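Subject: Structure for your review

Hello,

Here is the structure I said I would pass on. My notes follow it.

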Amino acid sequence: MSARDEVMARVREALQDVPDGERAEDVTVAWSYGRPLATGAPGSAEVVDDFVEKVEDYGAVVVRVPSGGVETALREALAALDARKVVLPDGLDPAWVSAVAGAGVETFTDDPVLSHQELNGIDTVVTTAAVGMADSGTIALDHSAGQGRRALTLLPDKHLCVVRTSQVVSDVPEGIAVLAPAIRSRQPVTWLSGGSATSDIELSRVEGVHGPRTLYVVLVED
Amino acid sequence: MTTQPEARPRLTPAPPEVSWLGMPPFPEAVKTELRRSQQRKNLAHATHTIRGKRALRASEVDNWEELRTAAENIKDRVGRHLDEYLLQAEAAMQAAGVTVHWARDAADATRIVTDIARAKGVDEVVKIKSMATQEIDLNEALEEAGIAAWETDLAELIVQLGHDLPSHILVPAIHRNRTEVRDIFAEEMGRYGTPAPEGMTDDPTELTDAARAHLREKFLRAKMAVSGGNFIVAETGTLVIVESEGNGRMCLTLPETLVSVVGIEKLLPTLEDLEVFLKLLPRSSTGERMNPYTSLWTGVREGDGPQDLHVVLLDNGRSRVLSDPVGRAALRCIRCSACLNICPVYERAGGHAYGSPYPGPIGAILNPQLRGLDSPVDKALPFASSLCGACNEVCPVKIPFTDILVHLRHKVVEKKTEKHPTGEQALMKTTGRVMSAGKNLEKVQLASRGAGLVFKNKWLGPMPIPLASRWLQARDVEAPPTQTFREWWDKEHRPSAAPGETAGGQGSATEEER
């Protein structure tokens, strides 16, 4: 018998006490999915304030700008981060690309594809995001246009991420609902809650291990 | 340790000579562990810190109890229909370009991973922290096959470089303090790659920087990674890994080949079920609102991440756990470690005493079920608890730990006594016979009254009576009464009653003679 058949047979044997007619849906799950928190609708002032508070609590920088203020904010951010070499994924707003290019940094695109060694030599990446989840201060990327493949937001040490206020939802359940179509179409998804961190030595938190050590969020009103 | 001259030198740091298999049962192991005062200090500090953080983060969520119930329900749904979900997950993963393997046991699983590594022609793999691969001792199997497995989680790195064993599910090096870590890094890093910088202090930031530098060269050159998995969504075939450091993302993104070894119980029916678990897990585990990084991937993505994906679905005793309708609740476990952090026994004994990578309350109920009740270690584990029930209260998937512990204790006793009844059982059997009829009891009481007459109200101190001598060393005991309750009753209530045919009647007469 193949390992597959044997494991399946053992599992079926183990479940003899489950009545034959019982379907999976017959096991009640006392939960209603996708509910927002009482803080309100996506992008509402209360939700956005909660998001900012929680992201900052992880030690990340959040800068709030009015719509149209992204270019200036990016230039200021690159200066604040002391960025030298910046990778720009496909699909970013051309106005942002020229703003970065005019900020006195060396810019790179991922076309032709950058090697891991090349990416390792780049210090900063600029991306958009798919959704922000306020309650946990989480930003999710679905790696579509403007967000680059996964390695782009992993090897550079500084991640400059532009999030629109309308993308910010109150909590994880709404966030999953926003991401579900991308996941169902098999896009990879990465959740970021602050920068990388460890508490493995005496539970004392150290910011920055292998992923980007700095997360800098530009939050645009829209 | 002597090395055979023909033996090939090891590629990775050797584990301790006494590994899990050589460990004594809990009651014996704990005697050594309790003497390690530094470890007890480290553990007390760590467990108290984490349990405080967990309590704070759980209190921030208004519907925490509702979430726990939902998680329990979802896991029970998966468990009761695991056969259907396994087939659904297999089909979804295959459709997304993942090669799915099945492993009956540790030998199957390690062979599958070794074969993939050999087929890829690699002599090293980078690893994400994974309980499943600890359980099957994958690293040593790879080492024997000439393939170096490098742990990349900081705590696992400390354990590996320290020739040590993990002692906690979430923070495997919880028993080590910063000075010990500094010494391990300074001594060992250079032997296996980028050395620790000269003059490194025991500041956790400096230690973390040394690990970053040591591991980065391994991430950049690795052709193959091995991971576990926190969840597999059956509907879509999506794998989910939660982590903190980014070592997981490195392993999941940079190498060409990724093999994930995942227990068959790790399935969730739908994507939407993730909303329950991704709220519960980080708050229960590290006491954070969310862990720094969560990766979700659904098969191969052209031009992004590993192009050759494998998943090994691991049984290794899980179907045995599933076959016990009481014990199967242990399969709900999402490896958060909240039960360890709250446990008064774990806090003092530490993780190694449990003789498995799964320590604490979850280890006490999971190991004996996964491995069976054959070894002295597994027979002892259900008793490694005070049954205080703190674990029941913090478990995010509501595992009824104490119920399962009592259930397993019962099974241990049944197994122990099925062939050789114990002295205790013989005693109980005799007691049963004595108590079954008044006449029998009276006969025995006659004997005890006889003893009472011999000792004449003298307190009994130490004396060489078999069995009782040790007990009497520390206690004085009153001599048995010279009159039984029945005799007293007869005397008080039926003073005129003639001495009957019973022993009790004769006893009354004796009493009156006094």
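Two residues are taken to be in contact if their C-beta atoms, placed from the backbone, lie within 7 Å. Please keep in mind that this is a predicted model.

By that criterion, and leaving aside neighbours within four places in sequence, Phe277(B) is in contact with Ala71(B), Phe231(B), Leu268(B) and Ile334(B). Phe277(B) also belongs to the largest nonpolar core, which has 197 residues. Together with Val113(B), Val125(B), Ala225(B), Val312(B) and Cys339(B), Phe277(B) touches the most other members of that core. As background, nonpolar side chains tend to be buried together in soluble globular proteins.

Next, chain A. Its secondary structure comprises 6 helices and 12 strands. The C-alpha atoms of chain A fill a box of roughly 70 × 45 × 40 Å along the principal axes. Chain A has 222 residues, of which 50% are buried. Counting the contacts in chain A between residues at least 6 apart in sequence, 72% join residues at least 24 apart.

One helix pair in chain A can be described in some detail. Helix H3 of chain A (residues 70-81) packs against helix H4 of chain A (residues 94-101) at an angle of about 35°, and their axes are 9 Å apart. The crossing of H3(A) and H4(A) is right-handed. On the H3(A) side, the residues that meet H4(A) are Val70(A), Glu71(A), Leu74(A), Arg75(A) and Leu78(A); H4(A) contributes Ala95(A), Trp96(A), Ala99(A) and Val100(A). By class, the residues of this contact are 7 nonpolar, no polar and 2 charged.

That leaves the interface. Here 62 residues of chain A are in contact with 74 residues of chain B. Five elements of chain A each supply at least two residues to the side that touches chain B: helices H1 (3-14), H5 (116-120) and H6 (172-184), and strands S9 (189-192) and S10 (197-198). H1(A) gives the most, with 10 residues. The side of chain A that touches chain B is made up of 29 nonpolar, 19 polar and 14 charged residues.

Which strand of chain B is joined to S9(A), and in what direction do the two run? The partner is strand S9 of chain B (residues 293-297), joined to S9(A) by 4 bridges, and the two strands run antiparallel. Within this pairing, Thr190(A) stands opposite Ser295(B).

Regards

Notes: Residues numbered from 1 in each chain as written. Chains lettered and ligands numbered in written order. Predicted model: local features only at pLDDT ≥ 70, side-chain atom pairs only at ≥ 80, totals over all residues. Core = buried A, V, L, I, M, F, W, Y, C linked by C-beta atoms within 7 Å. Buried ≥ 20, exposed ≤ 12 C-beta atoms within 10 Å, placed from the backbone. Axes fitted to C-alpha atoms, helices over the stretch in contact; angles between N-to-C directions. Left-handed = near helix turned anticlockwise from the far one by under 90°. Nonpolar A, V, L, I, M, F, W, Y, C, P; charged D, E, K, R; others polar. Pairing = 2+ DSSP bridges.
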